[in-house]
Amino acid sequence: MPEITYREAVRDAMSEAMRRDGDVFIMGEDIAEMGGSMGVTQGMLQEFGPERVRNTPISEMAIVGAGVGAAMAGMRPIVEIMYQDFTTLAMEQLVNQAAKHRYMSGGQLKVPLTVRTQGGAGWSPGAQHAQQLEAWFVHVPGLKVVFPSTPEDVRGLLFRSIYDDNPVVFFEHRTLYGIKGEVPAEIEPIELGQGRIHREGEDVTVVATGRLVHEALAAAADAEKDGISVEVFDPRTLLPLDEEGLVSSVKKTNRCVVAHEAIVRMGFGAEVAALVQERAFDYLDAPVERVGARFSPLPFAPVMEAYVIPHEEDVLAAIKRTVGRNGNG
Amino acid sequence: MAQVAAAEPELRRVIGDGETVADGEVDGLSEADLVALYRDLVLLRTYDERSVVYHRQGRIGTYAIFWNHEAMQAGAAFALGDDDWIFPSYRESAIGLLRGMPAETILSWWRGHPAGWWNPADYNVASISVPIATHVPHAAGLAWGKKLRGEDACAIAFFGDGATSEGAFHEGANFAAVMRAPLVLLCNNNGWAISTPLSAQTRAEALVDKAVGYGMPGTRVDGADVLAVYEATREAVERARGGEGPSFIEAVTYRTAPHATADDPRVYIDLERVEAEKKRECVGRYEGYLRRLGVLSDEAVEEIRGDAADVMRTGIGAAEAESPADIGLVFEHAYVDPPPSLAADLADLRRILGGSSG
């Protein structure tokens with residue numbers, strides 16, 4: 001199997017869809033000659049031309065809104081919001097428009113729009129340039145929300161998302177663009193709503209997303225030295241969520257840690273904790289532990305940022321807290 | 001000082017006043033066309049007046065009145081082809097009537113019944129959004145998407161004077177201009193955004209001035225002159241189809257009715273102006289024009305009004321005969337393929353309702 005980067009995997013999924021299907025096109029800020037601020041679309045202008053790899057004005061609301069309109073016209077647009085932080089400028093179009101038009105037409109209109117964006121801290125960009133805001137979108141009926149953590153997953157899930165007939169908000173993690181991984185020779189679409197067990201274990205399930213999947217795998221390797229067997233489960237899509245896969249893993253290990261880079265309070269992890277207590281309460285030997293960022297804007301100063309966002313050590317500490325308790329509390 | 005528009009500074013008019021101002025004419029319209037346009041106006045007027053009554057009778061919910069806006073709606077729609085898409089605001093809620101949408105559908109919409117959810121692709125009339133101006137980027141995107149597909153269709157977006165203060169209007173207009181999207185921006189400047197007058201909305205001398213900033217042609221028409229609106233829209237559509245990109249039309253009128261049935265404008269509006277405007281309302285003006293031309297008889301007027309009244313009687317009857325909404329639809333309409341959790345919720349609902357299936 002070939003080995004490619006996460007960045008190449010994103011490009012590969014889009015390019016393959018555009019080769020196969022004239023209805024697929026991409027638009028966003030600085031995606032043409034420059035190849036995007038993260039270099040994801042480099043080379044695509046040369047292959048597909050300026051109509052299908054389209055630079056737009058700096059207008060996040062119009063980028064998403066025009067994507068909704070183009071989807072109504074029968075296209076399958078992929079739009080890029082350069083930074084996840086800038087989805088705030090397009091929130092009306094995402095929450096009230098893309099998510100609602102099928103519903104408001106009595107289930108008759110399709111909005112096959114894919115909104116790609118990226119974020120993630122660890123490089124000290126400050127308060128408005130690296131947030132993880134996926135929990136906002138999981139709260140909106142009508143959207144699908146995808147957050148892959150590996151090259152194989154990002155390629156298969158993005159390809160599938162482009163062909164989904166619902167609007168999909170697709171989160172990429174900035175610090176993962178450079179990681180390499182094996183992928184199938186031909187793109188294999190991955191169904192939305194199917195989690196992935198990265199590592200099997202017996203003592204505790206770590207439900208992790210994005211960068212924290214890699215932190216959790218490192219923590220699991222460390223925990224193994226102490227004789228703790230950790231299962232790492234990546235839901236990959238947050239909406240729809242693979243509830244069966246997640247709950248059956250926790251029923252097997254009887255403990256659960258949920259880890260994401262986004263702020264803990266009111267975060268995606270809170271929903272996972274609620275789901276686990278609802279469907280696996282009698283299986284739990286310890287309270288569900290949550291790992292994530294502190295309730296603070298992301299600091300500019302590197303030492304402050306490192307304190308605010310979660311790392312491998314935080315996941316490891318949470319693992320040890322759960323296994324340090326027995327069924328009698 | 002505000003910039004003066006490059007386009008005509010005076011309102012474009014075709015219809016005279018029957019006294020000192022002479023009637024003009026629009027090339028290419030047959031007598032049958034002129035009467036068909038009158039039929040559209042009467043249908044919209046009847047829809048609006050009956051809807052206010054239905055609201056008072058508790059038969060529809062809060063309703064956004066469009067009395068004296070019929071000319072800009074019918075005039076613009078008459079200049080479009082069937083493949084062209086209309087993006088209405090709530091002020092144009094009944095414009096689907098001009099595309100063959102049954103009155104029952106629109107009345108059901110105002111009754112909050114699922115029978116009022118039309119498929120936009122059936123009529124090329126988009127769903128109506130409540131937030132202001134948010135459909136301008138959709139219209140721009142649809143128009144551009146049609147162009148990418150090599151189709152000939154264009155789009156028209158209706159929005160009010162207040163909408164020009166919204167970011168979505170600006171972003172959508174600029175986007176359309178940059179992309180040379182085949183789009184017509186039709187601004188219904190009736191002077192009021194609920195209780196906020198235009199003077200509190202902008203310092204621009206005229207809204208059409210904004211077109212200059214986007215690098216698109218703009219024109220300013222009497223919004224109660226159906227022929228002037230038709231002609232301006234026809235020119236804009238020709239430009240759009242010819243690859244010349246979007247145009248801006250400012251259709252000027254004065255809001256003579258409340259914003260909606262829940263509004264009492266007496267505390268803010270100029271009531272003398274309202275009475276003056278009512279005397280020159282758009283349907284009567286066009287009727288006078290046609291009578292002066294000698295193409296409209298008393299019998300024809302009676303028949304056209306009767307037909308419109310029938311449409312409304314049939315429509316409200318059918319809307320009220322609909323069965324109550326199936327609650328289970330809430331689980332079916334948000335997604336093409338609802339997540340498994342919704343199926344579980346639906347099963348739960350069916351159990352509570354006693355096993356009936358929908």
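**Interface and local geometry of the chain A and chain B assembly**

In the contact between the two chains, chain A contributes 46 residues and chain B contributes 38 residues. The structure is a predicted model, and every value reported here was computed from it. The size of an interface is often given as the accessible area lost when the parts come together. For chain A and chain B the buried area is about 3,500 Å², and carbon and sulfur atoms give 63% of that area.

Polar interactions also cross the boundary between the chains. The interface of chain A and chain B contains 2 salt bridges. In a salt bridge between A:Lys144 and B:Asp337, the closest N and O atoms lie 2.9 Å apart. Residue pairs in polar contact across the interface of chain A and chain B, with both residues at pLDDT 80 or more, number 18. On the side of chain A that touches chain B, the elements giving two or more residues are the strands β2 (24-28) and β3 (53-55) together with the helices α3 (60-72), α4 (91-98) and α5 (101-104) of chain A. Of these, α3(A) gives the most, with 9 residues. By residue class, the side of chain A that touches chain B comprises 19 nonpolar, 16 polar and 11 charged residues.

A:Asp165 provides a local view that includes both chains. This residue of chain A is placed in the loop between α7 (151-162) and β7 (168-173). With a relative accessible area of 18%, A:Asp165 falls under the 20% limit and is therefore classed as buried. Leaving aside residues up to four places away in sequence, A:Asp165 touches A:Arg76, A:Lys110, A:Val111, A:Pro112 and, from the partner chain, B:Val336. The side chains of A:Asp165 and A:Arg76 are joined by a polar contact of 2.6 Å.

Chain B contains 12 helices and 7 strands. Its radius of gyration is 21 Å, close to the 21 Å given by the globule rule for 358 residues, so chain B is as compact as a globular protein of that length. The C-alpha trace of chain B spans about 70 × 50 × 45 Å along its principal axes. Of the 358 residues in chain B, 56% are buried. When contacts in chain B between residues at least 6 apart in sequence are considered, 76% join residues at least 24 apart.

Backbone geometry was examined at several loop positions. In chain A, the peptide bond joining A:Leu239 and A:Pro240 is cis, with omega about 0°. A:Pro240 is situated in the loop between β12 (237-239) and α9 (243-253) of chain A. A positive phi of about 60° is found at A:Met266, although this residue is not a glycine. A:Met266 belongs to the loop between β13 (256-263) and α10 (268-280) of chain A. Its relative accessibility of 76% is over the 50% limit, so A:Met266 counts as exposed.

In chain B, B:Asn124 likewise has a positive phi, of about 55°, without being a glycine. B:Asn124 is located in the loop between α4 (120-123) and α5 (135-148) of chain B. The relative accessibility of B:Asn124 is 13%, under the 20% limit, and this residue therefore counts as buried.

Conventions. Residues numbered from 1 in each chain as written. Chains lettered and ligands numbered in written order. Heavy atoms only, no water. Contact = heavy atoms within 4.5 Å. Buried area = accessible area lost by both parts, 1.4 Å probe. Salt bridge = Lys/Arg side-chain N within 4 Å of Asp/Glu carboxyl O. Polar contact = N/O pair within 3.5 Å; in protein donor to acceptor, adjacent residues only side chain to side chain. Helix = DSSP H or I, 4+ residues; strand = E, 2+ residues; numbered from the N terminus. Nonpolar A, V, L, I, M, F, W, Y, C, P; charged D, E, K, R; others polar. Rg over C-alpha atoms; globule rule 2.2 N^0.38 Å. Buried < 20%, exposed > 50% of the residue type's maximum accessible area, 1.4 Å probe, protein only.
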